[in-house]
Amino acid sequence: VQLQASGGGLVQAGGSLRLSCAASASLHSFSSVAWYRQAPGNQRVLVTSLTSYGVTDFPAYAHSVDGRFTISVDDAKNTVYLQMSSLKPEDTDVYYCNARQLYAGHEYAYWGQGIQVTVSS
């Protein structure tokens with residue numbers, strides 16, 4: 001499985017960006033998809049995730065982005081999006097998309113390449 005991320009860049013505070021993550025497999029093959037962020041020298045931190053249970057998806061958001069960021073999917077395009085609005089300088093980081101598969105009792109995690117998001121004040 002490959003994840004191809006795109007859409008980062010430089011934006012002023014208060015602006016918006018949309019990150020995309022195109023998967024080489026059907027999104028229905030994943031138990032969850034997510035976006036993480038990572039600052040230099042720090043561990044990756046969960047920003048938002050979308051977990052599928054049957055036909056219902058359950059989103060979850062870190063407190064710092066709740067109400068400003070939205071995770072969504074386009075099943076036809078096998079793509080996960082992160083819509084980022086009302087951006088703040090503290091949102092500056094490298095963002096990673098993530099997908100997890102459960103198979104034969106094991107969990108497999110896949111990562112896209114990091115996407116730099118820079119928010120200027």
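The model is a predicted one, in which local features need pLDDT of at least 70 and side-chain atom pairs count only at pLDDT 80 or more, while totals for chains, interfaces and linings use all residues. Residues are numbered from 1 along each chain as its sequence is written, and side-chain values use heavy atoms, with hydrogens and water left out.

The strands named here are DSSP runs of E with at least two residues, numbered from the N terminus (helices would be runs of H or I with at least four), and two strands are said to pair if DSSP finds at least two bridges between them. On that basis β7 pairs with β8, residues 79-84, in the antiparallel sense over six bridges. The two strands form a hairpin with four residues between them, and in the turn asparagine 78 has a positive phi of about 50°. On its other pairing, β8 is joined to β3 by six bridges, again with the strands running antiparallel.

Strands of a sheet pair through backbone hydrogen bonds, either parallel or antiparallel.

Burial is described here by relative accessible area, with buried meaning under 20%, exposed over 50% and partly exposed in between (1.4 Å probe, protein chains only). Five of the six residues of β8 are buried, so this strand is largely enclosed by the rest of the structure. A nonpolar core is a set of buried Ala, Val, Leu, Ile, Met, Phe, Trp, Tyr and Cys residues joined through side-chain atoms within 4.5 Å, and the largest such core has 28 residues, with Leu19, Phe30, Trp35, Phe69, Met84 and Tyr95 having the most contacts inside it. Two or more residues come from each of β1, β3 (17-23), β4, β5 (45-53), β7, β8, β9 and β11 (115-120), and β3 gives the most, with four residues. Tyrosine 95, leaving aside its neighbours within four places in sequence, is in contact (heavy atoms within 4.5 Å) with residues including Leu19, Phe69, Leu82, Met84 and Val117.

Another part of the picture is aromatic. Rings of Phe, Tyr and Trp (its six-membered ring) pair if their centres lie within 6.5 Å, and planes under 30 degrees apart count as stacked, over 60 as edge-to-face and the rest as tilted; by this rule there are two aromatic pairs. The rings of tyrosine 36 and tryptophan 111 have their centres 4.9 Å apart and their planes at 65°, so the pair is edge-to-face. This pair links distant parts of the chain, with tyrosine 36 in β4 (residues 32-38) and tryptophan 111 in β10 (residues 106-111), 75 residues apart. Tyrosine 96 and tryptophan 111 form an edge-to-face pair too, at 6.5 Å centre to centre and 85° between the planes, and here tyrosine 96 lies in β9 (residues 93-103), 15 residues from tryptophan 111. Tyr36, Tyr96 and Trp111 thus form one aromatic cluster, in which tyrosine 36 is buried at 14% relative accessibility, tyrosine 96 is likewise buried at 14%, and tryptophan 111 is partly exposed at 34%.

Arginine 44 is placed over two of these rings, where a charge sits over a ring if NZ of Lys or CZ of Arg is within 6 Å of the ring centre and within 35 degrees of the ring normal. Its charged end is 3.6 Å from the ring centre of tyrosine 96, and arginine 44 also lies over the face of tryptophan 111, at 4.6 Å from the ring centre.

Two loop residues complete the tour. Serine 86, in the loop between β8 and β9, has a positive phi of about 50° although it is not a glycine, and is partly exposed at 42%.  Alanine 104, in the loop between β9 and β10, has a positive phi near 50° and counts as exposed at 64%.
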